[in-house]
Amino acid sequence: MSWRCPEFTHSDVENQHAELELLRRQAFDLNLQLADQSEELRQLRERDRNELALAQHVADLRALVESRENQLETVGQTADLLRGELEQTMNQHEEAAAVLEKGRAMQMRAGAMMIS
């Protein structure tokens, strides 16, 4: 068995060299596209992470606002109770003052009756 080397002409070599150069340029272009797309993907992933973090922050703030609203409602209810108690105390004070005044008036009448 004898192996024969194919015969290449100068034109064949030039054509293959041109084809190889074309393939290198295409590979270079594809590598650039891949790098660009990888960077875009990295940026999209970063945006997604930022959006998720922002959404979590908004959820935390909403929970805080709800908690504060509940606290405010409790404080408002407590203030209403205290206002009611204060009003009741003031009414009792006024009633006590009226009873005291009535008692003094009766005492003065009784004293005036004793003098006469």
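A residue is called exposed when its relative accessible area is over 50%, buried when that value is under 20%, and partly exposed in between. By that cut-off R25, at 54% relative accessibility, counts as exposed. The model is a predicted one, and 0% of the 116 residues of the protein count as buried.

The protein holds 1 helix and 0 strands. Its radius of gyration is 49 Å, well over the 13 Å that the globule rule gives for 116 residues, so the protein is more spread out than a compact globule. The C-alpha trace spans about 165 × 30 × 10 Å along its principal axes, while the accessible surface comes to about 11,400 Å², with 59% of it belonging to carbon and sulfur atoms.

Side chains of opposite charge can pair when their charged atoms come close. The protein carries 13 positive and 22 negative charges, whose mean positions are 7 Å apart, and the count of salt bridges comes to 5. The table includes some of these.

| Salt bridge | Closest N to O distance |
|---|---|
| E21 and R24 | 3.9 Å |
| E21 and R25 | 3.6 Å |

E21, R24 and R25 are linked in a network of salt bridges. Within helix 1 (residues 10-115), E21 and R24 lie 3 residues apart, about one turn of the helix, and E21 and R25, 4 residues apart, are likewise separated by about one helical turn. E21 is partly exposed at 29% relative accessible area, as is R24 at 48%.

D80 and R83 also both lie in helix 1, 3 residues apart, and R83 counts as exposed at 53% relative accessibility.

Methods: Residues numbered from 1 in each chain as written. Predicted model: local features only at pLDDT ≥ 70, side-chain atom pairs only at ≥ 80, totals over all residues. Heavy atoms only, no water. Helix = DSSP H or I, 4+ residues; strand = E, 2+ residues; numbered from the N terminus. Rg over C-alpha atoms; globule rule 2.2 N^0.38 Å. Buried < 20%, exposed > 50% of the residue type's maximum accessible area, 1.4 Å probe, protein only. Areas by Shrake-Rupley, 256 points an atom, 1.4 Å probe, with all protein chains shown as cover. Lys, Arg positive; Asp, Glu negative; His and termini not counted. Charge placed at Lys NZ, Arg CZ, Asp CG, Glu CD. Salt bridge = Lys/Arg side-chain N within 4 Å of Asp/Glu carboxyl O.
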